Every structure is written in C-alpha cells, then in structure tokens.
Amino acid sequence: MGCVALAVSLLGCDPPKPAASATPASQALAPGVSASAPQQAPAATPPPQPSAPPERVQSLIQQVEKAYTLGEAAYKHGNLPEAKSNFDNAVDLMLSSGIDIKSTPALQEEFDRIVDQINGLEMEALKQGNGFTPKTEDTPAEAATDVTFVVDPNIVAKANADLATTKSDLPLVVNDYVAAYINFFANTTKGHNTLLHSFQRAGRYRNMIQRVMSEEGVPQDLIYLAVAESGFQPRAVNAKSRAGGMWQFMPHGNYGLVRNNYVDERFDPEKSTRAYARYMKYIYEQLGDWYLSMAGYDWGTGNVQRAVEKTGYADFWELYKRNNLPGETKNYVPEILAAIIIANHPTQYGFDDITLDPPVLTDTLTINYSADLRLVSDIVGAPVDELIALNPSLLRLVTPPDTEFDLHLPAGTAALFREKIAAIPESKRNSWRYHKVTPDDTLASIAHTYSVSVSALAEANQLEQTGKLDGVEAVVVPVAPAASPSAHTVYYTTRRGDTLVSVADRFGVSLTQLRRWNKLPATGIKIPAGHRLHVAEPTLVRTSSSHSHHGKGKTSGTTHEASSASHSTRSKTSHTTHTGNSTSSKDANSAASTKHSSHPKSSTQAQK
C-alpha cells in the first residue's frame, strides 16, 4: 500500500477534480500537477469557457472509454500498475480537455460514471485484501494450509545429521513435525517456491534485521518468524484480521508504533522489526522458553501460560502432543524450525538457486513539515512509485505536518533534496511543485501545465512576466493548496457543485472513509447542497479486550495510538538501509497478549 488515495483511492491515483484542476499523478513527472490540490489561479478568475462542439465531446468520451476499458482489462489480469495508469489517463483526458465538465451534461455524466466504476473496483479490491495495492504472495505457512504432510524417515535422519553443523542461537530439534515441513519445502513445487521467494526477499532486510536483533539482545534466528508471518513482505495485510506488516501487528494495540491518518509504522520494516524484537524479548521473559515464546507470539502469551498451568508441562512439544494448542500454533513452530534448518543447509535441500534481493539502501532525512511526494519526485528525479515503495509506512502522498517523519530517499539524493527544497517556503511544500526548465519552456507554458497564473508564477520566482527563461535551471510553481480542516473540524456543510469526490479531496480523506463515516451508499458521488457531512473520523474512546483462541479470558487495557511529538525544524540526515532510524517502543511490553495470525484459516480472535 503506498499511499491512501482519495477519489480513485488505493490505486495510488489522484482524485478527479473539476475541469480547472490539475492533472492526475500519472503525469506528475511529465511534469504534471497534483490532482490532490485544486489548482486555481491565485491572481485572476479564468474567463468562461465556450461550449464545446458535440462532435468534440463525443470524441473525448470515446477516448475516455478506451482508456477505462484498457484499465479494466489490466485490473482483471492483476496488472495493477497498468490499470492505475489507464484509469489515471481516463480521468485526465476529461480534466485536461479544456471543456467545462459541469456545463456539458454528456461529459458530466461520463465523468460521474467513470469515477463510480473505478470506485466500485476499489471496493471489490478492498474486500479481497489491501485494496489496489499489488497482491502479496502467499507465505509458506499459507501455502501449506491444505497440505497433508508425509513424514519421510530419510528426511528425519538427514536433518538430524545436519543439526551437528547447524549454527543457530535458538535450540533446534528435529522430529516428525519438523521433518514434515522440511519435506514440504524441499520436495514439493508449491512449498519450495514460496520458501525460495521468502529467502530471496529476505536479502532486502537481512542486514537491518540482524542489526536490530543484536541491538535488542534477542536470537538472530528469530528472523525466520517472518517466513511464517509475511514471507518478508512489509506491506502484507491479512484480509480477515487486518494484521499488517512484516511481523503482522494488529491495527489496534500499542507497540510503540505510530498509526494515524498519515502513517502506519507497522509497514515500516525497521521500526516494526524493533517493536517485534522488543515484544519477543518481553514474551520470553514471561515464558522462559523460545519455542513457547514463538507459540505465544502466534496464539498469545496468556493462552500459552494457561495451557502450561493446565497440563503442568512448560514444553511446547508436550502441549502439542496433548492437543493443548490450536492447529495453527502447532504448525507455527515446526515450520519456523524447518526454515532455519534449510537456511543453514540450502544446497542439501534443493535451494542452491537462491539469489538474494539486494539490500535497499536509502538516504534518510528526518523532516517535520508536510511535503508532497510529487514535489520530492520533482527534486530528486525518482518516480513517485519508487518513493512510495521506499516509504511503505506513509498512507498518503504527503508526509504528516508538524511532526517528525523519516523520509527515505534514493541513496545519494539527500543533499540535493535539502538544497532544492530550501527554495520553497515550508508551509507550501505540501502543494507547490519544482519544475526543471527545458529549452522549449516559457512562463506561459509552465503556468498552463500547472494551471496557475503567469503572474503568480513570475512573482514566486522573482521574474518578469514577459521575461525569458534563458539561464534559468528550474522554477518553483505556486500550486494552490487543497483546503484542509483545522484540528477541530469534523463537519462540513456541502455547497452547490460539491461532490463526494471534491469534499473527500478538500479534507484529505478517502472516498471510502467519507462514505463509511456518513453511512452513505457505496456507489454514486453526487451530494445535495446543505448536507452536513462528517469529514473527520468521529472520535471514539474505547477499551480494547483481547480474547483467547477459544473466546475465554481477556486482557484489558486502554487502546491508543502512539504519536510523535513535534520537534524543531532542523533536519538530520543519515545514510542507512531502507527503514532509517529506530522508533521508541517503550510501551511494547504493555501490548495485549494475543494476535490475529497471518494465516487465513486461523480462528484466533485476538490481538498480538
């Protein structure tokens, strides 16, 4: 999940705008202008547009239909980047046509219909998981859900022999349960491929995870819980439980991870890894055994403690044999042990073709102002999609205002970013753009591209309106910001001409959120004037309770989301791996004891 989009949300697209607005994100590097900010000319009102000839309107509608059809076909084939591009193009064709949509009934009808259809696909995608974010691959645990395991005595003997040369900081054992998973991973196509891909993806984060594990004082081989939880996919989301991230933290509960309307640090590989390491350390302090601790991570510490008290055995395998563990947790520990043994002896189990993905290296710049990723893209020359991938915890195309955020940039670009961003006032960095001048550019052509007035563009760059751009390397573009609510704004009364799309965009929320908060139908974008809408999530103070696997027993505590405090405007830079600086998780130990597992067939009803 990149960003939380607004109108055509979760595609990473920008919301549709009235005709005078900017182009969608698909043309942001053309360069185009952010469709998330209305681009009204600050100095003058544009003259009324003449009615377009019917044949021109019909030709435009045919182009829009063609672009949408291509996007729909790509969506059905699972090609989300191509679908995103075509859906963007369909909307952009209307917005950049120069035809007044509102005064052209046929085009207004087409606009409403296209937006409705795209939103319908969004809703369908959300039912299947993480919206239009590309589907994550099944984890090895998910791949093994319906497998009937066969215990091969040769595998048992071989694995036991390998233990003598296996280096691990966890106690390892091979029994029939572990051997069955080794056999599945080594000798079935499905098992082999899912574990292979997990190992390959681990290359992106291995160095970072090992460093964090070392700093937190927990065994290095706990890295392999990510095999069971997410297959090392930082944007993995469980469709049933909504657990998310590499370590599958629940959306509620406090683990020292910030989660608000702008960021969800469950998806930040390093910060979530540090929270995971501290949480595992806490569990081990309660249970005193690493196998039981793994089971506690999956099923809940309290549940494991009760199983131990019930049987008198503080031993995972005894609890297994006595059927005092749910089926998912029985499989959880053996599959992790199997992954550890195979990882230590890859060639002996047919994994001699592993090519690790290269580590993701970034420059990390800690900022405390709101910056649009399209502006960042303009400056550093990286596609917006790449910046979204480098900042997986960011839920929008803008960084949060008035709080620190670790902005991850392509390696070697931090100095360039700091130099160029200084030309743009801090309060304008969530809307203004940075345009590198080409030989064919004029002030008028740039102003037209971004839908701003020539006078405003000239004034922002201290240039004469009639002057040439000879010798000018780049200009800043004073794009008008989207109207945003104050901290206390929760309602908005609609005006004539408003749509759900324009209201969602104005207040920086998604169309889905707006509909949910106001109990509106899942289709249609029209809204009558004078209608009072919630434009921020209604405040809800609640007490969370986490239930055991069997629905008995609970641990109560106040659920809250950690938040970052505001800091000084001074930025700090470091060259680091993908996830930047660590986060404080001082409250990780107070997290509730159970979780929804990442496995789809789990009946667990509780949080980690």
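Q: What share of the contacts in the protein with a separation of 6 or more comes from residues 24 or more positions apart?
A: Such residues account for 69% of these contacts; contact means heavy atoms within 4.5 Å. The model is predicted, so local features need pLDDT of at least 70 and side-chain atom pairs pLDDT 80 or more, while totals for chains, interfaces and linings use all residues. Residues are numbered from 1 along each chain as its sequence is written, and side-chain values use heavy atoms, without hydrogens or water.

Q: How many helices and strands are there in the protein?
A: The protein has 20 helices and nine strands, both being DSSP runs numbered from the N terminus (helices: H or I, at least four residues; strands: E, at least two).

Q: How much of the protein is buried?
A: Of its 608 residues, 55% are buried, meaning under 20% relative accessible area; exposed is over 50% and partly exposed in between (1.4 Å probe, protein chains only).

Q: At what angle do the axes of helix H6 and helix H13 cross?
A: The axes of H6 (residues 176–187) and H13 (residues 327–344) cross at roughly 60° and come within 8 Å. Axes are lines fitted to C-alpha atoms, for helices over the stretch in contact, with angles from 0 to 180 degrees between N-to-C directions.

Q: Why is H6 called oblique to H13?
A: Under 35 degrees is roughly parallel, over 145 roughly antiparallel, 65 to 115 roughly perpendicular and the rest oblique. An angle of roughly 60° therefore makes H6 oblique to H13. Their crossing is right-handed.

Q: What makes up the contact of H6 with H13?
A: H6 supplies Tyr177, Val178, Tyr181, Ile182 and Phe185, and H13 supplies Asn331, Pro334, Glu335, Leu337, Ala338, Ile341 and Ile342. By class this gives ten nonpolar, one polar and one charged residues (nonpolar: Ala, Val, Leu, Ile, Met, Phe, Trp, Tyr, Cys and Pro; charged: Asp, Glu, Lys and Arg; polar: the others, Gly among them).

Q: Why are H10 and H13 called oblique to each other?
A: Helix H10 (residues 290–299) packs with H13 at about 130°, with the axes 9 Å apart. The two helices are therefore oblique to each other, and H10 passes H13 in a right-handed crossing.

Q: Which residues of H10 and H13 meet?
A: Tyr291, Met294, Ala295, Tyr297, Asp298 and Trp299 in H10 meet Glu328, Thr329, Tyr332, Val333, Ile336 and Leu337 in H13. Nine of these residues are nonpolar, one is polar and two are charged.

Q: How do you know whether Glu229 is buried or exposed?
A: Glu229 has 1% relative accessibility, so it counts as buried. Glu229 lies in helix H8 (residues 225–229).

Q: What joins the side chains of Glu229 and Tyr332?
A: A polar contact of 2.6 Å joins them; the term needs a pair of N or O atoms within 3.5 Å, and within protein one must be able to donate a hydrogen and the other to accept it, while residues adjacent in sequence count only if both atoms are side-chain atoms.

Q: Why is Arg242 called partly exposed?
A: Its relative accessible area is 32%, so Arg242 is partly exposed. Arg242 lies in the loop between H8 and helix H9 (269–287) and has a positive phi of about 70° although it is not a glycine.

Q: What makes Gly203 buried?
A: Gly203 has a relative accessible area of 7%, so it is buried. Gly203 lies in helix H7 (residues 189–216), and its C-alpha atom is separated by 4.7 Å from that of Leu356, 153 residues apart along the chain.

Methods
Left-handed = near helix turned anticlockwise from the far one by under 90°.
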